[in-house]
Structure formats: C-alpha cells, structure tokens
Amino acid sequence: MLAAMSFQWWRDAVIYQVYPRSFADSNGDGIGDLAGITSHLDDLVDLGVDAVWISPFFTSPQRDAGYDVSDYCDVDPVFGTLADADALIHGAHERGLRVIFDLVPNHSSSDHPWFQDALRAAPGSAARARYIFREGRGDHGELPPNNWQSIFGGPMWTRVTEADGTSGQWYLHIFDSSQPDFDWTNPDVHALFLDVLRFWLDRNVDGFRVDVAHGLMKQPGLPDLDEPDSASLGAGTATLEPEISTPTEVPYWGQESVHEIYRDWRRLLDTYPGERVLVAEAWVDPLSRLADWVRPDEMHQAFNFAYLETPWAAGPLTQIIDASLATFHSVGAPSTWVLSNHDVVRHATRLALPFENPQGHGIGPATDNLPDEKAALQRARAATALMLALPGSAYIYQGEELGLPEAIDLPDEARQDPTWIRTNGERYGRDGCRVPLPWTAERATFGFNENGTGKSWLPQPTQWARLARDAQRSDDTSTLALYRQLLALRKELQLGTGELQWLDCPREDVLVFRNGRAVIVVNTGREPIEIPESELLISSSPIDGAVLPGDTTVWLRA
Ligand code: GLC
C-alpha cells in the first residue's frame, strides 16, 4: 500500500514510462491495452520502480498514437474502459506504485466535439474562438496566416471549407492537421481542463505528465518566424547558459503567460491529499529557463531533455549534471534525468550514433554509419548506471530495462508516425522506439499478446527473442538484471536524495564522483583505467580486477 505520509515521494522517484499500445496486449488485437498493463504490474514492482507514467489512452482517432484526444474523460475502446483505468490505478496503489497519466492540453483531436462545432460554426463565432482560426494572407486568403512550420513537417495551418462550400479560414496546429491547437486565452479552455484534472484526480491518479507544456500560449499577433524551417520541439540544440547561447525566441514556445495556467492547476492539485504532481514536457532552452516551470507554486518536475541530448562524453556530461543540479536547486526542485522516451531514438542505439539525430527524426534502413549493437548496448548500460546514481528523480522508458535497441528495419508500409507521412518519408520518425515489447522468447509476438493471435501493430525484429524478459530473468548478466540491481542499490543507498561531490580524476574522459556511501566511476573513453581498491557494488559490464574498461560504470563502496 502507499505509505500515507511518504514525504514528497516524487523528489527521488524512479518513474517508468508505459507506452500503452506497445506494452502488453490482453485481447489479442495487436495493440496493447490497460488490462495488459495491470496484468504486468508485478513485473514493475519486481523491477523496483516507484511510479508508472502512462502515455495517453483516452478516446482518440489515434492519428498521433493517442496524443490526439477527442474525449479527455474516457478511455479509447482500443485500450479498454474506464473500469479498466480504475482497476489499473487501484492495482498499482495496492502494490505501492504511483500512477501518472498524460494530459494533452495544447491541442485536441480534430474529432473533438468542440472542434467539430467550430468547423460548423461561422468565422468569428464563440465555437471558433476555442481554437486558433485566422483569415489567410494573399488576395483571396489563399496563403497561410503566417510562415510557421509544423513539427511533423509541412505548414502549421490548414484551411477549412466553410458551410457554404467556399474555402475559408485557416486553423493552427503545431503538430498534425488532426491536432488543432486550443486558444488558451479563452476561459472555456481553462474551465475544460480544470474539469479534466478533477475528473482524474477524483479517480485517485497521482499526477499528470503535461504534454507540450511550453506550447499552450502563443505570442499575440502570431508573428512570422525569422527562420521558419528550423522548427523543432525546442528552441534549438540543448545549451546550458544564456550567456553562451542566445535562444531563438520562438513565438509559440515558452511564452511567459503560460505559467499562470500551471499555477492555477497547482492550486487545484494541492487541494487533494497525497502529493499529486505535475511534470512538464517542456523542450525549453536554455536549462535556466526550464527552472521557471518548477518554481514552488508551479509544476513539481520537468523532463531534463538537455541531459537526454548530451553526448556520451565526460566533459559535456559533467557540465550538464552540474548545471542541472544547480538550476533546479535554485528553485527548490529536484533535478530529473532521462535517456529515452517514445519520441527519441532508444539510447541503446542513440548514444553510439556518430551523428546528431534531432528529436523525432529517427533512423531507418537507409541510414548510414549505424553502430555495432553490442558495443552500443555496453555504452547504454554505462549511461544508465551513471543516471541512476545521480540525486533527483529518473525516468525509464519501457524496454530500456531489456536493452532494446531502436528497431531500424521496419518496412515502410508499417510505419505510422505522422512525421514519416507528413515528410513523405524524409524523416523516419519515432516508430523505431515504439515497437511492442518482447515478454516471452518462445511465444508468438514474444508474448506481447497474451492469447497468441500473433498480431502486433508494428512488427518486432526476430532477433528480439534473446531480449525477451523471460530469457533475461534467469541470466545474471542481462540488462534486466542490471536494472533491477541498480534500482535496488539506488534505494538502499538513498542516492536519489543524496548529494553529488566530484572527485579528482587524472583522465579527461572519466567521471568520478561521490554520492553518500557510493563512489561512482564512469569511463566514457575507450582506454581502460585502473580504479581504486574498494568494494565493488555493481558494474555496468563485466570487469576484471581493478581495471575498468571503456564505456563502463562502476559503483564502489565509499
Ligand atoms: C509530445 C509527445 C509526442 C506527441 C506530441 C504532440 O511531444 O511526447 O509523442 O507527438 O507531443 O502531442
């Protein structure tokens, strides 16, 4: 059961992201569902995580895998029923796990009744004012209202046909045309989301991951961008300090007025017992600006994407770790750490790529210079052992505990990410990190569907048999065993609430620090290094005596 008085559980929590369509399929239709999650909660307890964040499972036409919601207070039939959601929350709480749902407030699905009303209503009507409709430019309004480009490719505007059959206004969508942006200057929108929050809080959810939390407010006047082609989820490449980077001011990211929304939500959450939390998905640059999202009266946590985007190299890692701890600490928030999620190339592949791969671009069969899988996994394991030794809260994405690499050889016709479709295949997009999990080596779909229909919404690579959870469970050297041991030790040594202190090291490609009763040595280079004589607590790869090979992390008794 949940500890009644667990003080600010989120400060050091390890939170496991479930991507429901690819986790476990209880009814055999090839798409994972809520009952599938509930039936595997014991596996998550066994892994040793504290909480589960579940990507959207609400009513949706699934044009962006559920990030296009048409009813925020119901469950899509693909994933189950409201009763299944209740059973999941209850089952998790019984096992001491917290549950975080995914709230998508920047946009709805174009199937949402409000948007359907808006399409039927006239320009200038109250129904249209809940979204961002504008007249086009050009003599006949034939050009989009400004030059913004969708994150998924193509213009950020789509023109509608008015009731009389003529071409009419345009509506704004930062993402796909099936995801119209709400107008957050409209009080109706605020009221809708306060109701949505209450609906799930009343059902005992422990918090919300807030999708595109930096996008809700747009700069008044919707001015053109200087460089429209540079559209991405963030304002640029991750940077640390304002002095060394002048962030491009993007009129739809990180507007000051967005913070009042979260203050309002925080006031509501604080009226509920049990430390309910808000977590920002905000691709904000530089890190010092991200701290604004987690001021004491706003959200509790923000994903540290600057950490995720840091290359596997001691210098940049030291810098980002220092900057993260200092920045979040300055507003009294814990730092978070994350290496993988459903939007980026899995870190068991990404950290060894010899080129940059911006968020959402993905890799595929025609990508050159792909790394050796075994060497890449060794690096990923070292990176995870570093991440889980850091003070703060960490996020794990389903499948990384199995060491899953990015699925690269997906056939073109299987790909479903709107990025792939809207860029005509120029970007592979995110399907490669969303392939259904392998549970049982010997079964159809590796046990992803429990009644063996053999259906899987994305095909699984055949070589994943050896990565199946059951195959790893009996192997002490498996990635699953490593994650379980790291999580157990992290808890025992209370590293999440500890303090980091750097120790001297003669080599520039090696990190050495102390956190409480552990000393952590991370060799990001290729050359082995001798480590101090001390009790070995855990090693990310097999080591021989006191010599630490490249791409390996050890935790030693301090
Ligand atoms: C967030 C989600 C991503 C989704 C987008 C639009 O970035 O993580 O998967 O496509 O928002 O909702």
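How many bridges join β18 to strand β20, and in which direction do the two strands run? Three bridges join β18 to β20 (residues 552–557), and the two strands run antiparallel; here strands (E, at least two residues) and helices (H or I, at least four) are DSSP runs numbered from the N terminus, and two strands pair if DSSP finds at least two bridges between them. Ile 538 stands opposite Trp 555 in β20.

This is a predicted model, in which local features need pLDDT of at least 70 and side-chain atom pairs count only at pLDDT 80 or more, while totals for chains, interfaces and linings use all residues. Residues are numbered from 1 along each chain as its sequence is written, and side-chain values use heavy atoms, with hydrogens and water left out.

β18 and β20 belong to an open sheet of five strands, in the order β14-β15-β16-β20-β18, with antiparallel pairing. β14 (500–502) and β18 (536–539) are the edge strands, each pairing on one side only.

Helix α9 (residues 314–329) lies across β14 and β15 (510–515), running at about 140 degrees to β14, whereas helix α11 (residues 373–387) lies across β15, β16 (518–523) and β20, running at about 35 degrees to β20.

Conventions: Contact means heavy atoms within 4.5 Å. Axes are lines fitted to C-alpha atoms, for helices over the stretch in contact, and angles run from 0 to 180 degrees between N-to-C directions.
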